[in-house]
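Biologist: Please take a close look at one part of this model. Then carry on from there to the other local details, with the cut-offs stated.

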Amino acid sequence: MKNTEILLSIKLQQMLFIDPKRVRLLKEIEQCGSINQAAKNAKVSYKSAWDHLEAMNKLSPCPLLERNTGGKNGGGTILTHYAKRLLQLYDLLEKTQDHAFKILQDESVPLDSLLTATARFSLQSSARNQFFGKVACQRMMDSRCIVDVNIEGLPMPLQVSITTKSASRLKLMTEKEVMLMFKAPWVKMTKQPLEKQTNQFPVSIKSINEEEAILVFDGTKIEFCAAITQPDQWQINQQIWLHIDPEQIILATLE
């Protein structure tokens, strides 16, 4: 799907407020400070430029233009702070729209989950381990909020420990979609299971190098990335145990 062009238009009160032509006109005014010159640069007539600007101003909740009197060029027209933010928002929406269209080609991204789709096409993180799930339950333990998160493919929920303020800010509730992130050094590997260990799962080593190991949960496509310091003690296909401290898992969600 090369050379795909998606034209973004925004309506207010069921009338056209802004589109690519009007954005071009505002950007030209921002650059040259003159409606007349901006019209020429945008290749529209002066009357057409005025008609566009007047239509936008009638719909806009805040003024878009203001006169800039004085100065070495004798004054001109400048964009208001609101108009500049409008252009920034338009650019942001264009990028988001472009990313959204790209994920259509990625069959691994479910389009029925806003959190999953948004994170996949826009979120970049240093945390190698990223999972999506739903809140199973919450409970208080030693002044911390323990959140159990169901992740498809795991036999038991992952437990996440956060502050009560964080739980309130995230507005967590049962079945709410969440994203879990944790860095590779936070995934610990042992040859035998540990007693009374939270977030402990049997896995096998899929691949290994001098810095990290990729661990796979048997029978699923779920993979964990773990940092290692002694690669010689581990082997591919070796059956081991991994565990993650609940306080080292970052929890994220959308409003």
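Modeller: Start at I214: its bridge partner is C225, in β12. The model is predicted, so local features need pLDDT of at least 70 and side-chain atom pairs count only at pLDDT 80 or more, while totals for chains, interfaces and linings use all residues. Residues are numbered from 1 along each chain as its sequence is written, and side-chain values use heavy atoms, with hydrogens and water left out.

The bridge I214–C225 belongs to an antiparallel pairing of β11 (residues 212–216) with β12 (residues 223–227), which runs over five bridges. Strands pair here if DSSP finds at least two bridges between them. Helices (H or I, at least four residues) and strands (E, at least two) are DSSP runs, numbered from the N terminus. Six residues lie between the strands of this hairpin, and G219 takes a positive phi near 85°.

Most residues other than glycine have a negative phi, and most peptide bonds are trans. Q14 is not a glycine, yet its phi is positive, about 65°. Q14 sits in the loop between β1 (10–12) and β2 (15–18). Its relative accessibility is 77%, so Q14 counts as exposed (buried is under 20% relative accessible area, exposed over 50%, partly exposed in between; 1.4 Å probe, protein chains only). K43, also not a glycine, has a positive phi of about 60°. The loop holding K43 runs between α2 (35–41) and α3. K43 is exposed at 73% relative accessible area.

Now α3 itself. Its axis (residues 46–59) comes within 11 Å of the axis of α1 (residues 20–32), and the two cross at roughly 100°. Therefore α1 is roughly perpendicular to α3 (65 to 115 degrees; under 35 is roughly parallel, over 145 roughly antiparallel, the rest oblique). Axes are lines fitted to C-alpha atoms, for helices over the stretch in contact, and angles run from 0 to 180 degrees between N-to-C directions. R22, L25, L26 and I29 of α1 meet A49, H52, L53, A55 and M56 of α3, with contact meaning heavy atoms within 4.5 Å. By class, seven of these residues are nonpolar, one is polar and one is charged.

Last, the cysteines. With a disulfide taken as a pair of cysteine sulfur atoms within 2.5 Å, the count is zero. Take C145: the closest cysteine sulfur, in C137, is 9.5 Å from its own, too far for a bond. C145 is buried, at 5% relative accessible area. C62 is partly exposed, at 33%.

Note on methods
Ala, Val, Leu, Ile, Met, Phe, Trp, Tyr, Cys and Pro count as nonpolar, Asp, Glu, Lys and Arg as charged, and the others, Gly among them, as polar.
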